[in-house]
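Here is a walk through one protein model. Look at the sequence and the fold first, then follow the text.

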Amino acid sequence: MAASGSEACFCIAIAAFTLLLIAHLFHNKKSKPEGNGFTHYPLLGILPSLIKNRHRIHDWIADTLSASPSNTTQYERPMGIRGYLTANPANVEHLLKTNFENYEKGPRLKILFHDFLGRGIFNVDGELWKMQRKAASYEFSTKSLRSFVIETVQREIGDRLVPLLSNVCNGGGSVNLQDVLQRFAFDNICSVAFGVDPACLHPSLPQVPFARAFDDATELSFGRIFYSAPFAWRIKKLLDIGSERRLRQAIAVVDDFALGVIRSRRKEIAENHESDYPLRNDLLSRFMAALDDHNGENLERSSDLFLRDMIVNFMLAGRDTASTSLTWFFWLLSSHPAVEDTIRHEITEILAKRRENPKGVAFSYEELREMQYLHAAVCESLRLYPPVPLDSKVALQKDVLPDGTVVGRGWSVDYSIYAMGRMKSIWGQDCLEFKPQRWLKNGEFVGESPYKFVAFNAGPRICLGKEMSMIQMKSIVACIIHGYSVKVDPGFVARYTLDFNMRIKGGMPVTLTKT
């Protein structure tokens, strides 16, 4: 109760200060529009407009960038901090490839996410990033890891997803599909990352403390971005109140779990020192082996805390991205029955080629590769609803982007992945339509430039788990569409959350019937 009271007083003080500042600034003053760009206000920059459009922030950004001839516009944060937003593929290629060394995550985001992500690959630059990227690149390129991922996905589908969906059908047919997909993804990523099964998708749909804490830590860390006063979250952390106290508690649960598994694995290795190393196929065992090979170079980098950071970062990438993407996929599918029918027909044709188990729901890697239309449909969904809608870089030195935009040293350059999927200049007049056929040529999938389709990032930081993510998503979609008809309530309106991943707010209730 004391913490709640302290947080309330703190929030009232911040709100009062903000209101007084706004009243002072706007008394007899007008906002200053920047051509076709954002509207800026003295000292507050675009903050008032951002607050006004908070419920539709990504569409607001897309509308603004679409109105700009170069699909790039300037913005100012409070206190005159300047940056640019772009949806121009040439600019994105410049940031992510051509002048990659000049653009980093920047100190602001590193500080905001340090408590949760630490020194993991998504929160560092320079040599520390290169070291992790090199180790991860080798492991993700191995056939053994791909086979392990496929086996893990198939087991989760056969042992958990199919029985759960059958129970839903027998019990009335209604379920929150986003929650089911999040549970599937968490079980899967825990198995791949730690070699541990939290059983989130057990038929009882249990509350798993580690899963809940991971969710809270992600959401609360991201929430730091939206404090109007940069010092506000620091004060709350110092006082250990409100959201910062909840964040500390959530991270403590994540740390207890992660460090416990790491120490248990070290003990297991010590007891089997004569066996082949690593003993398991999960990422933790692989990273431990890779780091121990270079133990003499930097003891700190093979510490338990550093391993914790590495694994938590990969969990963040592999957990919500797949479940978020699939939820939006089924949302789109609900209003495009012809696409669903085409996918079902493709699956039926592939099953007809089998000599054994023609009705089985576990699809092999070769069968998944044959599903060209399904692959196109998933990419089309990712184009319109990328799980990570926005990314940000900071210029180390002054630079000029391909469209002529001059970037000052220390300025931010953000690129909107969500807006890029809605640019007529990139995708044509039908850019807002869900059309899987735009990815097909003579029935075969044809990919686009990663600087045009940035759902998996691009350049040196392109997603290492892209292929494995597609395997997981296609496996789940094929299983569900082959066995069930998914219906979204016609009155349901999907609204996205303002979070690290663009989930559907409140989940997505659906009705399932067996086909």
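Begin at Asp240, in the loop that joins α10 (232-239) to α11 (242-271). Helices here are DSSP runs of H or I with at least four residues, strands are runs of E with at least two, and both are numbered from the N terminus. Asp240 has a phi near 55 degrees, a positive value in a residue that is not glycine. Its relative accessible area is 26%, so Asp240 is partly exposed. The classes are buried (under 20% relative accessible area), exposed (over 50%) and partly exposed in between, with a 1.4 Å probe and protein chains only.

A word on the source. The model is predicted: local features need pLDDT of at least 70, side-chain atom pairs count only at pLDDT 80 or more, and totals for chains, interfaces and linings use all residues. Residues are numbered from 1 along each chain as its sequence is written, and side-chain values use heavy atoms, leaving out hydrogens and water.

Now take the whole protein. It has 19 helices and 14 strands. Of its 515 residues, 54% are buried. Contacts (heavy atoms within 4.5 Å) come next. Among those with a separation of 6 or more, 70% link residues 24 or more positions apart. The accessible surface is about 23400 Å², and carbon and sulfur atoms hold 55% of that. Accessible areas come from the Shrake-Rupley method with a 1.4 Å probe, and for residues only the protein chains shown count as cover.

Move to the loop between β12 (444-445) and α19 (466-483), where Cys463 sits. UniProt, in an unreviewed entry, lists Cys463 under "binding site". UniProt positions follow the numbering used here, feature names are shortened, and annotations may be inferred rather than shown by experiment. Leaving aside residues up to four places away in sequence, Cys463 touches Phe456 and Asn457.

Asn457 belongs to the loop between β12 and α19. Asn457 is not a glycine, yet its phi is positive, about 65 degrees. Its relative accessible area is 19%, so Asn457 counts as buried.

Finish with the cysteines. How many disulfides does the structure hold? The number is zero, where a disulfide is a pair of cysteine sulfur atoms within 2.5 Å. Cys169 is buried, with a relative accessible area of 18%. Cys431 is buried at 2% relative accessibility.
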